[in-house]
Amino acid sequence: MSAPRTWTIGFEKQPLTVNAARRTHWANRAKHDRLWRHIGLIAAQNARIGNLDRITVVWTHERRNRAHFPDTAACLPSAKAFLDGIVDALVIKDVSPHYVLAQEFRVEVTGRDALTCTITEVAV
């Protein structure tokens, strides 16, 4: 059996954290969601991933340094919108557990502020 196919896509911008989203006005939050959804769509299209039946996702919240180090899943608002963009790109049909079997969240110091998504195809 061959190794599963994997793609890493992302965007170099500080993602919105859960705590910041709670303090954000709903209209600004909607703008954020539209932006990250569009970013996910474009990133998936540029990667030419194609249609997949099932996937797992590893989210890496990249940080410039350890100052203001976030919780592991703090990037959830941006990650959710980005994943919706991946659906818009027709990589998967839906974000339900039938198509997205698991999501893992990590935080790493990489010298830049970014959100990276590693998609791994799961054999049916």
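Analyst: Contact here means that heavy atoms lie within 4.5 Å. The model is a predicted one. With that cut-off, and leaving aside neighbours within four places in sequence, tryptophan 59 is in contact with Ala79, Phe82, Leu83, Gln103, Glu104, Phe105, Arg106, Leu115, Thr116 and Cys117.

Tryptophan 59 also belongs to the largest nonpolar core, which has 28 residues. Ile9, Trp59, Phe82, Ile86 and Ile119 are the members that touch the most others. At least two residues of this core come from each of β1, α2 (26–47), β2, α3 (76–88), β3 (100–109) and β4 (114–121). The largest share, six residues, is supplied by α3.

Strand β2 covers residues 55–63 and includes glutamate 62. Glutamate 62 counts as buried because its relative accessibility is 8%, and buried means under 20%. Its side chain makes a polar contact of 2.3 Å with the side chain of threonine 116. Beyond its neighbours within four places in sequence, glutamate 62 is in contact with Glu108, Thr110, Arg112, Asp113, Ala114 and Thr116.

Strand β1 spans residues 6–11, and threonine 6 is found in it. At 44% relative accessibility, threonine 6 is classed as partly exposed. The side chains of threonine 6 and threonine 120 are joined by a polar contact of 3.5 Å. Apart from neighbours within four places in sequence, threonine 6 is in contact with Thr118, Ile119 and Thr120. Threonine 6 and valine 122 are 116 residues apart in sequence, while their C-alpha atoms are 9.6 Å apart in space.

How values were computed
Residues are numbered from 1 along each chain as its sequence is written. This is a predicted model: local features need pLDDT of at least 70, side-chain atom pairs count only at pLDDT 80 or more; totals for chains, interfaces and linings use all residues. Side-chain values use heavy atoms; hydrogens and water are left out. Helices (H or I, at least four residues) and strands (E, at least two) are DSSP runs, numbered from the N terminus. Buried means under 20% relative accessible area, exposed over 50%, partly exposed in between (1.4 Å probe, protein chains only). A polar contact is a pair of N or O atoms within 3.5 Å; within protein, one must be able to donate a hydrogen and the other to accept it, and residues adjacent in sequence count only if both atoms are side-chain atoms. A nonpolar core is a set of buried Ala, Val, Leu, Ile, Met, Phe, Trp, Tyr and Cys residues joined through side-chain atoms within 4.5 Å.
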